[in-house]
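Hi everyone, thanks for coming.

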Amino acid sequence: MLIRLLNDSSAALTSSSKYHALFPSANNPVKEVVLYTSSCMLGSRLGTIYLTYHHVCFYSSILGFVKQKIWSLKDVNSIWQTDGLIGGLSMNIENHGEIAFTIPTNGDNVYTVFDQLLKMIREDERSDGGGV
């Protein structure tokens with residue numbers, strides 16, 4: 001799978017330096033590779049969504065007011081695309097409920113990568129649990 005190769009690629013690590021500076025707590029114990037980024041809105045807040053193998057992160061800085069959110073992919077129960085004038089993506093997270101992103105461009109790409117990541121996480125959980 002392409003995402004697994006990107007996750008293991010040393011070349012992809014260099015493109016993730018901004019992510020590591022913005023989300024140092026998400027990188028423990030391993031430095032994560034950013035697999036996809038896109039401009040989006042969380043509520044009425046304009047920012048960027050970062051998808052890694054283990055996390056979904058949102059970062060926004062408007063006039064010095066910073067908003068950062070980090071969700072573990074293991075806590076995501078489901079995702080779905082939203083239609084309308086401007087497309088988007090919603091996810092249902094354990095203990096947080098529904099979180100909706102408005103993604104004016106590349107919404108289909110974000111959904112595709114996100115869906116593949118969730119499938120890989122579920123597959124890894126099954127293989128780890130099956131061997132115990």
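When I say buried, I mean under 20% relative accessible area, with exposed over 50% and partly exposed in between, using a 1.4 Å probe and protein chains only. This is a predicted model, where local features need pLDDT of at least 70, side-chain atom pairs count only at pLDDT 80 or more, and totals for chains, interfaces and linings use all residues. Residues are numbered from 1 along each chain as its sequence is written, and side-chain values use heavy atoms, leaving out hydrogens and water.

Let's start with Phe58 and Phe101: both are buried. Trp71 and Phe101 form an edge-to-face aromatic pair, 5.9 Å centre to centre with 80 degrees between the planes. For pairing, the ring centres of Phe, Tyr or Trp (its six-membered ring) lie within 6.5 Å; planes under 30 degrees apart are stacked, over 60 edge-to-face, and the rest tilted. Trp71 sits in strand 4 (residues 65-72) and Phe101 in strand 7, 30 residues apart. Strands here are DSSP runs of E, at least two residues, and helices are H or I runs of at least four, numbered from the N terminus. Trp71 is buried too, and ring pairs link Phe58, Trp71 and Phe101 into a cluster.

What does Phe101 touch, not counting residues up to four places away in sequence? Its contacts (heavy atoms within 4.5 Å) include Cys40, Ile49, Phe58, Trp71 and Met91.
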